[in-house]
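Let's take a walk through a protein model together, one stop at a time.

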Amino acid sequence: MLTAPSEFYLALPTSIHLKPTTFQLIAAMNPCPCGYQGDVAKNCRCSPDQIRRYQDKISGPLLDRIDLQVQLMPLHRGELYDAATGASSAETRGQVELARRCQYKRQGLVNSQLDKALLEEHCLLTSGQLELLENAANKLGLSARAQHRVMKVARTLADLEGVKRISNPHLIEALGYRGLDCQSRY
Ligand SMILES: [Zn+2]
């Protein structure tokens, strides 16, 4: 229940907590009741109907607000101890700090806090990109809110690269992070 713009009550089965409304939610769930959907090494025993019912436990309005929905595959034998590849945590942290500084400099707040007017000003898309977004949104059943959040994620991907304009690959990558929206259509 919202009490003021900055705080809300979180009711759990045994307690109630007053929390700030500005927070970052990181959550995990199995892809299906048995947990093996999409796993190449093990067979999922769930029917499409069971999977849909399971995933429908997350309401559309809540799903809309989860910007990065990514399916992680389990590590298989040997992979756990393989040498790490890609950027280190320290390098990634530096890249994120740089992108946040660029956002504060450009608009005074981070991309996730942009309202509609600032979104239109700072997450500018070409007519071709708007068409791409609209087509994908129709296909995936994305709400207006989800489309705006895709634009903010695309803006963030451009910031992480240190470029001024959102490009098609940024937009396509941002759409690729709406995995649960996509699955919930089938
Ligand atoms: Zn399953």
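When we say helix or strand here, we mean a DSSP run (H or I for helices, at least four residues; E for strands, at least two), numbered from the N terminus. Before we go on, two bits of housekeeping. Residues are counted from 1 along each chain, in the order its sequence is written. And this is a predicted model, where local features need pLDDT of at least 70, side-chain atom pairs count only at pLDDT 80 or more, and totals for chains, interfaces and linings use all residues.

Is Leu160 buried, partly exposed or exposed? Leu160 counts as partly exposed, because it has 16 C-beta neighbours inside 10 Å. The rule behind that: 20 or more other C-beta atoms within 10 Å of a residue's own makes it buried, 12 or fewer makes it exposed, and anything in between is partly exposed, with the C-beta atoms placed from the backbone. Setting aside neighbours within four places in sequence, Leu160 is in contact with Gln95 and Ala99. Contact here means that the two C-beta atoms, placed from the backbone, lie within 7 Å. Now look for Cys44: its C-alpha atom is 37 Å from that of Leu160, and the two residues are 116 apart along the chain.

The axes of helix 3 and helix 6 come within 8 Å and cross at roughly 115°. An axis is a line fitted to C-alpha atoms, for helices over the stretch in contact, and the angle between N-to-C directions can run from 0 to 180 degrees. That's why helix 3 and helix 6 count as roughly perpendicular to each other. The cut-offs are under 35 degrees for roughly parallel, over 145 for roughly antiparallel, 65 to 115 for roughly perpendicular, and oblique for the rest. On the helix 3 side, the contact is made by Gln95, Ala99, Cys102 and Gln103, while helix 6 brings Thr156, Asp159 and Leu160.

Next, slide along helix 6 to Val150. Val150 counts as buried because it has 25 C-beta neighbours inside 10 Å. Leaving out neighbours within four places in sequence, Val150 is in contact with Leu133, Ala174, Leu175 and Arg178. Take Leu175: it's 25 residues from Val150 in sequence, yet 6.2 Å away in space, C-alpha to C-alpha.

So how do helix 6 and helix 7 pack? Their angle is about 125°, with the axes 8 Å apart, and the two helices are therefore oblique to each other. From helix 6 come Val150, Val153, Ala154, Leu157 and Ala158, which meet His170, Leu171, Glu173, Ala174 and Leu175 in helix 7.

Helix 7 also packs with helix 5 (residues 127–140), at an angle of about 15° and with the axes 10 Å apart. This pair is therefore roughly parallel. Gln129, Leu132, Leu133 and Ala136 of helix 5 make the contact with Asn168, Leu171 and Leu175 of helix 7.

Now for the inside. In soluble globular proteins, nonpolar side chains tend to be buried together. A nonpolar core is a set of buried Ala, Val, Leu, Ile, Met, Phe, Trp, Tyr and Cys residues joined through C-beta atoms within 7 Å. The largest one here has 14 residues, and the members that touch the most others are Val150, Val153, Ala154, Leu157, Ile166, Leu171 and Ala174. Helix 6 (144–161) and helix 7 (168–176) are the elements that give two or more residues to this core. Helix 6 gives the most, with seven residues.

Arg65 counts as exposed because it has 10 C-beta neighbours inside 10 Å. Its C-alpha atom is 7.7 Å from that of Arg149, 84 residues away along the chain.

Finally, zoom out. The chain has eight helices and three strands, and from the N terminus they run β-β-β-α-α-α-α-α-α-α-α. An automatic or database domain assignment gives domain 1 (2–64) and domain 2 (89–183), with C-alpha centres 23 Å apart. Of the 186 residues, 15% are buried.
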